[in-house]
Amino acid sequence: MILGTTLPAGGAATLPLATRIGQVNQRLKGWEAVRWVDGAPRVTDVLRREVDRWGGLGALYGVLRADPWSAVRWDNGIPPERSAEAYAAVQDHVNTFGDGIPVLFVEEAPHGLMALGGTTLPVNLALGAGMDADLTEELAAAVAAEARARGTHVALVSGLDVLRDPRWGRAEECFSEDPALAALLVAATVRGIQGTASASDPIDGSHVAVVAKHLAGQGTGIGGRNGSGAPVGRRELGEIHLRPAHAAARVGVAGFMAAYNDVDGVPCSANEELLTGTIREQWGWDGLVMADGTAIDRLRDSSPDPAFAAALALKAGVDLSLWDEAFTHLEPAIERGLVEEAVLDRAADRVLALKRRLGLFGSATPVQPAADAGAPDAPGAPAADAPGAGVPAARDLVELVDRAARQAVVLVDDGGVLPLRPGATIAVVGPNADDLDAQLGDYTPPRPVPDPAASTVRSALIARFGADNVRYAEGSRLRGPLDAPDALDQVRAASAGADVCVVVLGGSSRRTYDDEFADNGAVDGPALDTTNGEGVDLSSVALPQAQLDVVRAAREGGSPVVAVVLDGRPRALTELRSLVDALLVVPFPGPSGGEAVAAALCDGTASGRLPATFPAADGVMPVAHDERMETARGYVDTDVLRRLPLGTALLPGVTTRLRGEAPSLPAGDLADGGAATVTVEVTNAGAHDRSVSVPLYARRHEPGIRPRRRQLLAVRRVTVAPGATTEVAFDLGLDELGSWASGAPEAAPVTLSVWCTPESDPPADALPVRVTDQNGATPWER
């Protein structure tokens with residue numbers, strides 16, 4: 001496929017009106033526009049009608065998408081090594097029968113490319129537990145190389161949402177409840193996928209553009225309900241929900257996706273203050289804004305007709321629709337004076353600018369089929385000598401994914417029963433003990449069969465201890481009991497006489513090809529054991545009684561009990577902790593997650609930290625480690641502070657302490673790029689190397705502002721040799737010490753109490769860090 005079209009010298013304004021409207025429309029679902037028939041791609045009448053109507057296509061979503069909603073499987077989908085041919089069929093049709101302007105090919109990449117053979121990563125919440133920006137960037141670059149080698153141009157990537165309510169089913173798509181950690185990892189993701197450091201950098205042939213989602217406040221919806229309103233003030237919006245987006249904008253993210261929710265009553269896809277005033281005028285960013293799927297059509301509840309809805313979104317700053325009908329009404333919207341034609345030109349120019357940034361205009365480089373684009377032994381995977389380049393060696397990518405899975409394992413309690421001794425007899429029980437789907441997260445393409453790179457906790461323990469030494473009983477479903485009346489007796493029998501019983505619990509974002517789906521792909525009416533993912537918001541985050549009954553049965557077997565919670569959201573674990581000797585928490589770790597858990601159980605390699613706060617009880621929500629200080633005592637029937645705050649982890653033999661003098665710097669120097677340095681000593685008293693994340697916490701003291709109990713200032717991952725001490729120097733600049741009340745960092749005099757240990761409140765040895773005024777003072781000292 002040759003992309004040789006030249007961008008019109010006068011920009012979008014010189015194009016016919018229909019062409020401009022076509023450039024801002026992304027109405028089609030790619031799997032309906034291109035079919036794989038008799039070993040070749042075939043464009044459908046759906047695509048032909050769209051090209052006839054508009055003369056071309058601005059963007060086409062999901063040609064490669066494979067999942068239960070699209071109903072694409074290995075037996076009917078586009079083979080990984082033939083992906084570029086499918087895209088070429090579309091572009092050739094536009095060249096022959098339309099305007100010839102290159103089409104943007106857009107795919108989902110929530111945790112790896114959502115296509116047949118796409119590498120599945122641990123979910124974002126698992127990467128948040130690892131707190132490793134360098135590894136996150138490496139994984140993102142690998143995903144980009146995989147996608148671009150297939151011919152993809154744009155990846156839709158989760159990461160802007162900040163998890164403020166664990167009832168929300170999409171918690172797994174968030175990096176953290178903490179905006180600093182989310183900002184750190186979303187910036188790493190954008191750098192890795194795009195290969196850029198700023199908006200002026202072109203996106204080369206080994207990378208793809210990122211549309212980061214969702215902007216803004218979707219993680220704090222009322223009651224944890226997906227798409228519900230975000231009733232937050234401007235300070236809360238800026239400090240919590242805009243900070244990750246600002247980080248993405250600063251490293252040149254190509255686009256943002258406007259969220260479904262409203263902010264204080266104004267839908268994000270019609271929020272001119274957000275989409276124009278904040279991200280463009282205040283931040284100076286000028287990329288592309290895409291609507292979420294059918295979000296413009298959903299503006300009908302706040303507009304009298306489709307043309308009015310289209311005008312609202314276009315004027316607010318939305319440049320590209322997704323599956324909406326409303327943007328097809330832009331011509332009558334212009335004729336009625338609802339929106340000026342120049343506003344359409346502005347949006348179309350932004351779509352064209354992204355195509356230029358990707359090198360699609362004037363390029364004479366043929367898009368090659370991908371090499372090594374399929375998973376190992378996948379049906380339809382390419383031969384090892386297939387043409388193409390740019391995809392990381394499979395073994396290197398597997399090593400990265402495995403490392404991320406291991407970093408996601410959080411040891412909360414070890415009870416003196418870990419690590420497991422060699423040759424032990426192990427009972428492994430529970431609904432997630434031998435369920436690969438329960439490790440993968442939502443929006444995952446079908447795994448290949450066979451799947452030699454995958455492991456469950458049961459299969460990984462068998463590999464280590466032998467089948468004769470590993471007993472198994474499922475015990476229950478995720479939500480309720482099994483039909484078998486002796487299911488719990490089987491758990492008791494497995495546990496009896498075993499050296500230890502490992503109970504694997506939690507949730508699953510499993511989707512089946514028999515499920516029902518909403519018009520945007522969210523599950524609609526989840527199956528019995530679907531407990532997570534879009535469309536699966538819960539009123540209760542307590543572990544279901546059926547799972548706790550499995551734990552009780554395991555305890556009755558007489559063996560020490562180790563609980564492993566594989567889940568995509570924080571859970572209330574207070575009751576579980578009273579029933580078990582040891583506890584590990586693992587956000588959905590991906591296909592190799594079983595081996596990651598086994599390594600933590602046997603080798604003591606758990607190094608993750610909780611990326612969000614786990615509430616003390618079901619009714620103690622929402623909850624976050626950085627919530628505002630309260631003047632009330634809290635609930636009379638529950639101790640709120642029995643929660644497990646962000647950063648919780650048991651790292652045996654590892655200690656940290658601050659060293660050095662309290663730093664101080666003028667606010668003017670901070671604004672000009674200055675920094676205050678704080679040093680943390682990390683000591684490893686163990687007998688092996690330890691890779692650990694080192695967080696730095698703070699409480700801001702600002703007169704007249706109620707402080708947050710604790711904020712994450714910064715975090716670094718380091719490896720410490722056995723018996724050694726490593727110094728970690730944190731250079732705290734404007735991002736860390738400035739105020740984020742406006743959504744962008746601003747230097748102002750302030751005093752911060754800084755510490756590096758797990759306490760929720762500043763300990764006695766917290767270090768005062770000062771940002772001073774022109775007189776060398778801070779407002780807190782006057």
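**Close-up views of a predicted model**

**View A. Helix α9 is largely enclosed by the rest of the structure, because seven of its eight residues are buried.** The model shown here and in the views that follow is predicted. The buried residues of α9 are Arg243, Pro244, Ala245, His246, Ala247, Ala248 and Ala249. They pack against helices α7, α8 (234-241) and α21, and against strands β6 (209-215) and β7. Glycine 252 follows α9. Its phi is positive, near 85°.

**View B. Strands β7 and β10 run parallel.** Strand β7 covers residues 255-258, and four bridges join it to β10. Within this pair, glycine 255 stands opposite leucine 288 of β10. Strand β10 spans residues 288-291 and is covered on both faces. Leu288 and Met290 are buried on one side. Val289 and Ala291 are buried on the other.

**View C. Phenylalanine 256 sits in the largest nonpolar core.** This core holds 118 residues, and Leu215, Phe256 and Phe327 touch the most other members. Helix α7 (residues 179-194) gives the most to the core, with nine residues. Leaving aside residues up to four places away in sequence, phenylalanine 256 touches Leu160, Val211, Ala212, Leu215, Ala245, Ala248, Ala249, Ile279, Trp285, Leu288, Val289 and Met290. Leu288, Val289 and Met290 are buried residues of β10.

**View D. The largest pocket has a volume of about 620 Å³.** Its lining consists of 26 residues. Asp603, Gly604, Thr605, Ala606 and Arg690 lie nearest the centre. Helices α14 (394-407) and α19 (593-603) and strands β20 (690-701) and β21 (711-720) each give two or more residues to the lining. By class, nine lining residues are nonpolar, nine are polar and eight are charged.

**View E. The second largest pocket holds about 530 Å³ of space.** A set of 28 residues lines this pocket. Ala180, Leu184, Ala714, Val715 and Glu736 lie nearest its centre. At least two lining residues come from each of the helices α6 (133-150), α7, α9 (243-250) and α21 (734-737). Strands β21 and β22 (725-732) also supply at least two each. The lining has 17 nonpolar residues, 10 charged residues and one polar residue.

Key:
Residues are numbered from 1 along each chain as its sequence is written. This is a predicted model: local features need pLDDT of at least 70, side-chain atom pairs count only at pLDDT 80 or more; totals for chains, interfaces and linings use all residues. Side-chain values use heavy atoms; hydrogens and water are left out. Buried means under 20% relative accessible area, exposed over 50%, partly exposed in between (1.4 Å probe, protein chains only). Two strands pair if DSSP finds at least two bridges between them. A nonpolar core is a set of buried Ala, Val, Leu, Ile, Met, Phe, Trp, Tyr and Cys residues joined through side-chain atoms within 4.5 Å. Contact means heavy atoms within 4.5 Å. On a 1 Å grid over the protein atoms alone, a cavity is a set of points where a 1.4 Å probe fits but cannot get out, and a pocket is an open set with protein on both sides within 12 Å along at least five of seven lines; lining residues have an atom within 4 Å of a point. Grid points are joined across faces, edges and corners, and a volume is the space filled by probe spheres set on the points. Ala, Val, Leu, Ile, Met, Phe, Trp, Tyr, Cys and Pro count as nonpolar, Asp, Glu, Lys and Arg as charged, and the others, Gly among them, as polar.
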